[in-house]
Amino acid sequence: MSLTRTPSVIFDLDGTLVDSEPNYYEAGRRLLAEYGVTDFGWERHTDFIGISTRETLAALREEHGLSASLDELLAGKNRHYLELAGASTAVFPQMREFVELLRERGVPMAVASGSSPESIAAVLSGTGLDVFFPTVVSAEEVPRGKPAPDVFLEAARQLGAVPGDCVVLEDAPPGAAAARAAGMRCIAIPYAAATADDPAFAAADLLYAGGQEEFTARAACDWLLGSRA
């Protein structure tokens with residue numbers, strides 16, 4: 001598939017634009033501890049990277065037999081996460097540079113994330129990334145989260161873009177699979193090294209198997225804008 005028009009770029013947020021996974025892990029750990037679950041570790045958290053917060057909590061609720069409703073769990077995790085995100089969320093330096101390069105070149109951009117609208121807004125405003133992204137879509141606003149394509153298709157719709165002219169940046173296999181299902185190109189930057197050989201990443205159009213340490217803004221920009229016919 002070649003891009004014959006100016007591409008639109010859709011970014012996943014957590015683990016792609018910002019290193020928020022430690023905060024999400026800690027928010028989940030604190031929440032589960034409130035219900036007596038004390039063995040929730042980082043490795044278990046990584047099983048849910050790329051999955052929406054609602055779907056993650058639904059799985060953990062069933063796994064641990066929690067009596068709280070899903071809405072209660074969502075509210076609790078969002079409360080913990082917003083406290084943590086407000087204190088510290090780091091933007092990956094090369095991602096910030098990439099976003100700045102795309103804006104200089106007039107490339108339309110959006111964020112499409114599995115996080116809640118409140119969490120997305122807090123992170124974007126707290127990091128100053130909000131000025132780059134007037135178009136933001138949460139998985140809570142569409143019927144299905146990743147790996148279903150809904151959140152990316154909605155972002156494309158809001159951008160007024162044809163899915164085939166969109167390029168998605170993703171750090172997790174479910175997101176890369178969602179991009180493929182949406183008929184979009186994908187730049188994959190695995191957050192967890194253990195997932196780098198996942199089949200969903202193997203199908204990506206551009207793979208930085210070494211993650212953020214390998215990603216460079218200018219090389220990605222050259223690839224993206226050079227991929228038009």
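**Domains, helices and a peptide bond**

Reply: In this predicted model, the count of salt bridges between domain 1 and domain 2 is 0.

Me: Which residues make up domain 1 and domain 2?

Reply: The protein chain is divided into two parts, as given by a domain assignment. Domain 1 takes residues 8-17 + 92-227, and domain 2 takes residues 21-86.

Me: How much area do domain 1 and domain 2 bury between them?

Reply: The C-alpha centres of domain 1 and domain 2 lie 23 Å apart. Their contact takes 17 residues from domain 1 and 15 residues from domain 2. Of the area buried between the domains, 58% is on carbon and sulfur atoms, and the total is about 1200 Å².

Me: How are helix 4 and helix 6 oriented to one another, roughly parallel or roughly antiparallel?

Reply: Helix 4 (residues 70-87) and helix 6 (residues 117-127) have axes 10 Å apart and pack at an angle of about 0°. Angles under 35 degrees count as roughly parallel. Therefore helix 4 and helix 6 are roughly parallel.

Me: What classes of residue form the contact of helix 4 with helix 6?

Reply: From helix 4, Asn 78, Tyr 81, Leu 82 and Ala 85 meet Glu 118, Ser 119, Ala 122 and Val 123 of helix 6. By class, this contact has 5 nonpolar, 2 polar and 1 charged residues.

Me: Is the peptide bond from Lys 146 to Pro 147 cis or trans?

Reply: Pro 147 is placed in the loop between strand 3 (135-138) and helix 7 (150-159). The peptide bond from Lys 146 to Pro 147 has omega near 15° and is cis.

Technical notes: Residues numbered from 1 in each chain as written. Predicted model: local features only at pLDDT ≥ 70, side-chain atom pairs only at ≥ 80, totals over all residues. Heavy atoms only, no water. Axes fitted to C-alpha atoms, helices over the stretch in contact; angles between N-to-C directions. Helix = DSSP H or I, 4+ residues; strand = E, 2+ residues; numbered from the N terminus. Parallel < 35°, antiparallel > 145°, perpendicular 65-115°, else oblique. Contact = heavy atoms within 4.5 Å. Nonpolar A, V, L, I, M, F, W, Y, C, P; charged D, E, K, R; others polar. Buried area = accessible area lost by both parts, 1.4 Å probe. Salt bridge = Lys/Arg side-chain N within 4 Å of Asp/Glu carboxyl O.
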